[in-house]
Amino acid sequence: MDAGLLAQYIMNGLMLGMMYALVAVGFTLFFGVLDVIKFSHGDVLTVGAFTALATFVGLRTADIGSSALALLAMLVVAILAMAALGVAIARYLVLPLRSAPALNTLLITLMLGTVLREAVRLFYPQGANPKPFPALLPSDSVDLGLFNLRLDNGIMLVAGVAVIAGLQALLNRTKLGLAIRAVAQDEETARTMGVNFTAIVLVTFAIGSALAAFAGIMNGLYYNEINFGMGLYLGVIGFAAAIIGGLGSVYGAILGGFLFAALQTIGAAALPFASAYKDVFAFAVVIALIAWRPTGLIQEKISERV
Amino acid sequence: MFVRGSTWTVLAAALLASSLAAPAAAKDKVKVGFIGPLTGGVSVNGLGGRNSADLAVRLRNADTKAKYEYELIVLDDECKPNVAVQVATKMAADKEIVAAATHYCSSTAIATVDVYHKFGLPVVVWGAVLPDITYRNKYAEVHRVNGTMINQNEVNAELVSTLGYKTFAVIHDTTDYGKGHNQYFSQALATKGGRILGTFGVTADQQDFTAELTQIKALNPEVIYFGGLTPIGVRIRAQMDKLGIKAVFDATSGVVSDAFIQGLGPLAEGTLAFREGAPTEKLPGGKFFMEKYNAQKYDNPPEAYGAFAFAAMELILDSIEKVGPDRKKVIDEMAQVKDRDSIVGKITFDDHGQNTVPVITKYVIQDGKFVEWDDSEYASGKRKLPGQK
């Protein structure tokens, strides 16, 4: 295969993988602290992307700001709004169901996802149509053979890596991170050590939802198009990625995200039959992986005692 | 027995009383149906069609010469075959509904023809273009006012060949709609000597096309033919640009909607598209239709197929006026439709219920508008598509 073409495939896969990983990390964070699966996560991403778009439209009507400033404003507004939405979901839907079976949380968040998705469709002006997302990053590009290296893709990859590294630092090097890890490991002990359980859960949901907002904006900048259904598909893939990586493990989620993207890219590029089957291929491999390692590639460190 | 007898007596008395009491002007109520995608990605087209059918009913009800008062029953097929079969069964099983204008999406229209046949409900398809809808079976119940994708793709292949393009890549969605387009375009192109370098089936809700487009980039075709609907059309065109692919984007009736241009902005420039019929304003009754439509102040524009939904509903209402609210009689009446004037031009149904007047309009997007090819600056040579000779 041509080197430029290979580079292009790798670039495509990395961009996809970064978005999947950011979504998967959210799933794994929520599962870590509360042992719940929050299925509305993908739709929070959609709402985040649309919030950013609305911010952009608002700024443009007010006629203020360069693209860099606009992007900064969009990031700030969308991330803060989604963090608040995440807190609200945790506070009013997830926490009250703490003592109910986990299935109830799964169902209630699944339904909330539909509510969010349909709300975007119905209440965003012409929300049923695909919306153009502004290209705010510099779009310089060089053609290296068949490889079209774009500056904006590079910036997004670097930003994604920085966000994930930041999250790692937060979890491993700060007092807040220590508290989150403590809650994830053992709620009772964490409480006796003076950790404010509810506050930590809310903060974790805020972080996870903020990541979704970031992924949503990245999605918009990458494809220059957003639509009300984008989160559903990303949510399913992010969830699958978190599972194959090992629910509860941040590294596992990242690994799972990139693995899934790689599978899809290989499925579309290397398999002899039509690309229509790339998702079938990727999910079939996921099924095989889960059958082989039911707890995921990287296991959460649990010491369950009876 | 006594009880039943008395019920009948009361009923008969009530009927008699009501018919006596009713003023002479009161008309019998007749129900007619409409089915289209009112939610989901292509809902703008469904809502436009719904409004247009509603307009036909309102105008008829306002007409003092009409024999009946019509009520429009609207159901949503969500452009999903499984949902469509459910709502079609619901509508067909309701014996009060005499006839219906049905379906924008080919995948839903083809899924439901058997239902209409089984229940004997006469329908007029108002937007779906898959040939099989009328041609796979010979169902007397099923009619269609718009043309099919066979005609559309013949005109498409003809135009791109005339422009001197020789190499093509095909992307189509894997619904019946996309597969049909792939089939008929490939057939039509083969007769013109064009070469298809690669064919890619994609799912109808796919987000990422970079893997397919990267392969296409390596194949380096002059034209990318796209058989599918607006949502993924927008994504594919946007991602072509991201990968630096300069080929012509040659699409179908599925993208002829304002949503396509709004979704892409300047990137939509130079996209080719084809549609059965002519632009609403150029149709024989286009001006009349738009005036009446705007007067109703609907929330959505009629979109590309609104006029066809209007024509389909008009045809249904005309038939009911003529032969009365009876499904069988309406079916017999529809079989006789020949050279019938409508706002979309003459309508003649062949023995499959297909309108045989295949007016196809060629479009190119110029400055954010669908412009008829022959009127465009691309045809006059003032602007050029990528690689146009």
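This is a predicted model: local features need pLDDT of at least 70, side-chain atom pairs count only at pLDDT 80 or more; totals for chains, interfaces and linings use all residues.

Colleague: Thanks! How many helices and strands does chain A have?

Modeller: Helices (H or I, at least four residues) and strands (E, at least two) are DSSP runs, numbered from the N terminus. By that count, chain A comes to 11 helices and four strands.

Colleague: What radius of gyration does chain A have, and why does it agree with a compact globule?

Modeller: The radius of gyration is taken over C-alpha atoms, and the globule rule is 2.2 Å times the number of residues to the power 0.38. The C-alpha trace of chain A spans about 60 × 50 × 35 Å along its principal axes. For 306 residues a compact globule would be near 19 Å, and this agrees with the value for chain A, 20 Å.

Colleague: What share of the residues of chain A counts as buried?

Modeller: A residue is buried if 20 or more other C-beta atoms, placed from the backbone, lie within 10 Å of its own; it is exposed if there are 12 or fewer, and partly exposed in between. Of the 306 residues of chain A, the buried share is 50%.

Colleague: Which residue of the hairpin of S2(A) and S3(A) takes a positive phi?

Modeller: Two strands pair if DSSP finds at least two bridges between them. S2(A) and S3(A), residues 147–150, pair in the antiparallel sense over four bridges, and A:Leu144 stands opposite A:Phe147. The hairpin has two residues between the strands, and the positive phi, near 65°, belongs to A:Gly145.

Colleague: On to chain B. Why is chain B as compact as a globular protein of its length?

Modeller: Chain B has 13 helices and 12 strands. The globule rule gives 21 Å for 389 residues, and chain B is close to that, so it is as compact as a globular protein of that length, with a radius of gyration of 23 Å.

Colleague: Which strands stand at the edges of the five-strand open sheet in chain B?

Modeller: The sheet has the order S2-S1-S3-S4-S5, with parallel pairing. Two of its strands have a single partner each, so one side of each is left without a neighbour in the sheet: S2(B), residues 68–76, and S5(B), residues 142–144.

Colleague: Within that chain, what is the bridge partner of B:Gly33 in S3(B)?

Modeller: S1(B), residues 28–36, and S3(B), residues 97–102, pair in the parallel sense over four bridges. H2(B) lies across S1, S2 and S3 of chain B. In S3(B), the partner of B:Gly33 is B:Ala100.

Colleague: And in the hairpin of S11(B) and S12(B), which turn residue has a positive phi?

Modeller: Four bridges join S11(B), residues 360–366, to S12(B), residues 369–372, and the two run antiparallel. B:Tyr363 stands opposite B:Glu372. Two residues lie between the strands, and the turn residue with a positive phi of about 50° is B:Asp367.

Colleague: How is chain B divided, and which helix gives the most to the side of domain 1 that touches domain 2?

Modeller: Domain bounds come from an automatic or database domain assignment, which gives domain 1 (27–147 + 280–358) and domain 2 (150–276 + 362–375). Their C-alpha centres lie 28 Å apart. Residues are in contact if their C-beta atoms, placed from the backbone, lie within 7 Å, and the contact takes 17 residues from domain 1 and 17 residues from domain 2. With three residues, the helix that gives the most on the domain 1 side is H4(B).

Colleague: Last one: which element gives the most to the side of chain A that touches chain B?

Modeller: Across the interface, 31 residues of chain A are in contact with 30 residues of chain B. The elements that give two or more residues on the chain A side include H9(A), H10(A) and H11(A). With five residues, the one that gives the most is H1(A).

Definitions and conventions: Residues are numbered from 1 along each chain as its sequence is written. Chains are lettered from A and ligands numbered from 1 in the order in which they are written. Two residues are in contact if their C-beta atoms, placed from the backbone, lie within 7 Å. Axes are lines fitted to C-alpha atoms, for helices over the stretch in contact, and angles run from 0 to 180 degrees between N-to-C directions.
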